[in-house]
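Please work through the exercises below with the sequence and the model at hand. Each task is followed by a solution in steps.

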Amino acid sequence: MTSRLDRIAQKRREKLERIRARGINPYPYRYHRSHTTQQAVALLKQQEESSSKAEAPVVNIAGRVMANRPMGKISFLDIRDSSGKIQLSFHSDLLSEASLKLLKDIDIGDIIGVSGRLFRTKSGEPTLEVENLTLLAKSLQPLPEKWHGLSDIDKRYRQRYLDLIANTEAKEIFQMRSQIITAIRQFLNRRGFIEVETPVLQPSAGGALARPFITHHHTLDQNFYLRIAPELHLKRLIIGGFDKVYELGRTFRNEGISTKHNPEFTMLESYETYADYNDVMAMLEEMVAEISQQVLGRDKVEFGSNTINFKPPWPRLELRQAIIKYSGIDFEKYPDADSLKAEMLQLKMEVDPQKDRGRLIDELISTFVEPNLIQPTFLLDYPVEMSPLAKIKPDNERLVERFEAFAGGMEIANAFTELNDPIEQRQRFLGQQKERQIEDEIVETIDEDFLLALEYGMPPTGGLGVGIDRLVMLLTGQPSIRQVILFPQLREKP
RNA sequence: GGGCCGCUAGCUCAAUUGGAAGAGCAGCUGACUCUUAAUCAGCCGGUUACAGGUUCGAGUCCUGUGCGGCUCACCA
């Protein structure tokens, strides 16, 4: 009746008790480590290259036992820490009685500390000849298989720690993610941007068109939305006199989950005064290329079957021309939703009758254009009805100064010359509210506080939003957003 | 939410047309003084995701449920 897992766990608990019975704490408080495994290997190499014949120094290292190869009087164990791995050898002749006894109760998965001298085996493997063994944490669960790792995708997400232990590639992705985010901060800080934090809990969810999550504050007895964009608060800071601000943080959208969407995701937004969307374009392409250089050491990255080259300048393509090129439809010829819809039906597209003109154009982009934009590309100049926060083009009142950046067939950034006319902004909000209420979707409240702020005067500003998870996907070559989020959203298991 | 696919031991995977549920790793016992996916001998290990149905007989066929993957829709 007992499963194998039960019996393995039972055996390990017995070992734990045996260890305790000998007066050893299997979960001690600290361990003085002198070197990481990587440093220890480097030390050995350095010693070998120096002319001095001095005896190897004693080092203390710690890590998780990953393999055990007992061979009579010698046992070889591999341990791993976050820097790498190293082989340990245990000679029964050189070990104390206590360490020898303890070694018998060490399992794969245990965390141990060892001290001894470094040497190289006949086959050239850097090895620590252990003189002293300390158990630092007993593991009671068996690890995934050593050769194939953990491949059950569900388990990899739910028990990410096992994925990180068993699959070194998984760990590397998240190390790279951290480096990418560090590189972004360095880039912006160097240019004089300051990093700020604005509310996640907001009385109205503005700055984008998306369904928000709703939550409730008990003391205030008030509902709040989780932000769908930090945009409107960052602009308040521009009004307040900060010239260049950015926020790098979590944003929440209560929408479908896919390989490109997670309900909570990380977004960068930056705002720079006295800049327009052309300045922002130049900054973005420079930033992405620089991050790629800094993290990968090159401009190019393999993504699926394509090689993406981030080297600036990226092609700039007018949205209208792009849609003509890939679908044959010129949206300027169809000034209203009905005529555009009719044309789209001609192409045998299934068109939602509820959609307004902006959303129809959006569908043309995602259906025909986006999948073709593998190399980094800017699409410029969007219809005003899809961009309520962007400034109209000086020579065409139906278009705004907005761009979206695409790469690998995904949108990775969205930016515009920010609308700073408070009266026009109010009209745009009202128009948008009307559209949305027709669809009885979410009743949007207008952010009056933001409009008031705008009335005090906002300098001309270029704003940018970058989907960090997607950027990480590109730079790490991952086809699914879940592979670059440590704990992606999953349905709870019963 | 729709469509397609998947779920077998702790892990990685087999199981022919519906005919006795198996292997490797891990674990346990033993051997072995340079192994490194160590090797050798032996042993242990199953609610085949869950519930029902068809059948003499179901891992396999049917229905439903759960979870996941891909995809479409929703959506930037």
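The model is predicted, so local features need pLDDT of at least 70 and side-chain atom pairs count only at pLDDT 80 or more, while totals for chains, interfaces and linings use all residues. Residues are numbered from 1 along each chain as its sequence is written, chains are lettered from A and ligands numbered from 1 in the order in which they are written, and side-chain values use heavy atoms, with hydrogens and water left out.

**Exercise 1. The surface near the RNA**

Task: Describe the protein surface near RNA strand B by residue count and class.

Solution. 
Step 1. A residue is near the strand if one of its heavy atoms lies within 4 Å of it. By this rule, 58 residues surround RNA strand B, and the closest are R4, S123, L209, R253 and E255. Of the atoms of RNA strand B that come within 4 Å of the protein, sugar and phosphate account for 60%.

Step 2. Sort the residues by class: Ala, Val, Leu, Ile, Met, Phe, Trp, Tyr, Cys and Pro are nonpolar, Asp, Glu, Lys and Arg are charged, and the others, Gly among them, are polar. The surface near RNA strand B then has 17 nonpolar, 13 polar and 28 charged residues.

Step 3. Examine the bases. An N or O atom in the side chain of E411 is 2.3 Å from a base nitrogen of RNA strand B. For W147, the distance from a side-chain N or O atom to a base nitrogen is 3.3 Å, and for a polar side-chain atom of E125 it is 3.4 Å.

**Exercise 2. Salt bridges**

Task: State how many salt bridges the structure holds, and examine the pairs K11 and E14, D330 and R320, and R426 and E448.

Solution. 
Step 1. A salt bridge is a side-chain nitrogen of Lys or Arg within 4 Å of a carboxyl oxygen of Asp or Glu. The structure holds 38 salt bridges. Side chains of opposite charge can pair when their charged atoms come close.

Step 2. K11 and E14 meet at 3.9 Å, N to O. They are three residues apart in helix 1, and therefore separated by about one helical turn. K11 is exposed at 51% relative accessibility, whereas E14 is partly exposed at 35%.

Step 3. D330 and R320 meet at 2.8 Å, N to O. D330 lies in the loop between helix 9 (319-327) and helix 10 (337-346), and R320 in helix 9, 10 residues apart. D330 is buried at 9%, while R320 is partly exposed at 27%.

Step 4. The closest N and O atoms of R426 and E448 are 2.9 Å apart. This pair joins helix 12 (residues 422-438) to helix 13 (residues 448-455), its members being 22 residues apart.

**Exercise 3. Aromatic rings**

Task: Classify the aromatic pair of F378 and F403.

Solution. 
Step 1. Rings of Phe, Tyr and Trp (its six-membered ring) pair if their centres lie within 6.5 Å; planes under 30 degrees apart are stacked, over 60 edge-to-face, and the rest tilted. The count comes to three aromatic pairs.

Step 2. F378 and F403 are 4.9 Å apart, centre to centre, with 80° between the planes, and the pair is edge-to-face. F378 lies in strand 15 (residues 377-383) and F403 in strand 17 (residues 396-407), so the pair ties together parts 25 residues apart in sequence.

Step 3. F378 is buried at 0% relative accessibility, and F403 is buried at 0%. W314, F378 and F403 form one aromatic cluster.

Notes. A polar contact is a pair of N or O atoms within 3.5 Å; within protein, one must be able to donate a hydrogen and the other to accept it, and residues adjacent in sequence count only if both atoms are side-chain atoms. Helices (H or I, at least four residues) and strands (E, at least two) are DSSP runs, numbered from the N terminus. Buried means under 20% relative accessible area, exposed over 50%, partly exposed in between (1.4 Å probe, protein chains only).
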